[in-house]
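The sequence and the structure come first.

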2 protein chains.
Amino acid sequence: MDTGDRLLTPGEVAALFRVDPKTVTRWAAAGRIGSIRTPGGHRRFRESEVRALLEGEGMLDEAEDVGKPRNVGPATSTGPGPANAGMY
Amino acid sequence: MDTGDRLLTPGEVAALFRVDPKTVTRWAAAGRIGSIRTPGGHRRFRESEVRALLEGEGMLDEAEDVGKPRNVGPATSTGPGPANAGMY
DNA sequence: ATGTAGTGGGGTAATTCGGGCT
DNA sequence: TGTGTCCGAATTACCCCACTAC
């Protein structure tokens, strides 16, 4: 099935993350993001991969928040939600 | 999409609020402001969200809405759409 | 084949991160 | 409780030039 394997250039990914194209290249070099190399050596990234990293790092099942617009208390220690694969 | 999804760096947000970048980081850690992390661990903030906080529209009566209005429509309009038409 | 734009690689400065303290 | 500053460390941004992509 086609997961939208649209290939993006480093410049595209950089614009999405608001970073420098060189930084995106560094991510690929560090193995933090999948990269496809062209015969010339340039890198190309998958749209699906970048999208997953952009906001839904945890790919959590986004539930409808229509029944709770009143919660202003951050006391939800049960799980803030997006527990990205942080390792910093 | 067109909500001005321009991402800002902690330094930018800090300059907007006249506070230290560290303080902005605390807000993100407290969940008071949405934050997007780069594979490297750095944070990026949405211009629209920062703007709402600056305007004070985010702390009206109780309309605190820091969540992300995820459009669960049938169409995956979440994407920016036809950004590049056959670039490579 | 030539030209423009983007990309790659290396190196250095600036920013940000994380935790702890005043 | 919330903000600003300290530290060390990692990550990122911008500089150069050479090569690739169209």
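## Helix α1 of chain A

In this predicted model, helix α1 of chain A spans residues 10–17, and its buried residues are P10(A), V13(A), A14(A) and F17(A). These four residues lie on the same side of α1(A), because they cover an arc of only 100° around the helix axis. The spacing can be read against a general rule of helix geometry: an α-helix has 3.6 residues a turn, so residues three or four places apart point the same way.

The residue that follows α1(A) is R18(A), and its phi is positive, near 65°.

## Chain A as a whole

The secondary structure of chain A consists of 3 helices and 3 strands, which are arranged along the sequence in the pattern β-α-α-β-β-α. Of the 88 residues in chain A, 20% are buried. When contacts in chain A between residues at least 6 apart in sequence are considered, 44% of them join residues at least 24 apart.

The accessible surface of chain A is about 6,200 Å², and carbon and sulfur atoms account for 55% of that area.

## Positive phi at R18 in both chains

R18(A) is not a glycine, yet it has a positive phi of about 65°, and it is found in the loop between α1 and α2 of chain A. With a relative accessible area of 44%, R18(A) is partly exposed.

In chain B, R18(B) lies in the loop between α1 and α2 of that chain, and its phi, near 65°, is again a positive value in a residue other than glycine. R18(B) has a relative accessibility of 76%, and since exposed means over 50%, R18(B) counts as exposed.

## Helix α3 of chain B

Helix α3 of chain B covers residues 47–55, and its buried residues are E47(B), E49(B) and V50(B). They are placed on the same side of α3(B) because the arc that they cover around the axis is only 165°. On the other side of α3(B), R51(B) and E55(B) are exposed.

Just after α3(B), G56(B) takes a positive phi of about 90°.

## The surface near DNA strand C

DNA strand C is surrounded by 20 residues, of which the closest are T25(A), R43(A), G11(B), K22(B) and R37(B). Among the atoms of DNA strand C that lie within 4 Å of the protein, 64% belong to sugar or phosphate, and the rest belong to bases. K22(B), by contrast, is directed to a base: an N or O atom in its side chain is 2.6 Å from a base nitrogen of DNA strand C.

The elements that give two or more residues to this surface are α1 and α2 of chain A, together with α1 (10–17) and α2 of chain B. The largest share, 4 residues, comes from α2(B). By class, the surface near DNA strand C has 4 nonpolar, 9 polar and 7 charged residues.

## The surface near DNA strand D

Around DNA strand D there are 24 residues, and those that come nearest are T23(A), R32(A), T23(B), R26(B) and R32(B). Of the atoms of DNA strand D within 4 Å of the protein, 77% belong to sugar or phosphate, while the rest are base atoms. Phosphate oxygens of DNA strand D take part in several polar contacts: one is 2.4 Å from a polar side-chain atom of T23(A), one is 3.4 Å from an N or O atom in the side chain of T38(B), and one is 3.3 Å from a polar backbone atom of G40(B).

The elements that give two or more residues to the surface near DNA strand D are α2 (21–30) of chain A and α2 (21–30) of chain B. By class, this surface has 7 nonpolar, 8 polar and 9 charged residues.

Methods: Residues numbered from 1 in each chain as written. Chains lettered and ligands numbered in written order. Predicted model: local features only at pLDDT ≥ 70, side-chain atom pairs only at ≥ 80, totals over all residues. Heavy atoms only, no water. Near = heavy atom within 4 Å. Polar contact = N/O pair within 3.5 Å; in protein donor to acceptor, adjacent residues only side chain to side chain. Nonpolar A, V, L, I, M, F, W, Y, C, P; charged D, E, K, R; others polar. Buried < 20%, exposed > 50% of the residue type's maximum accessible area, 1.4 Å probe, protein only. Arc of directions from axis to C-beta. Contact = heavy atoms within 4.5 Å. Areas by Shrake-Rupley, 256 points an atom, 1.4 Å probe, with all protein chains shown as cover.
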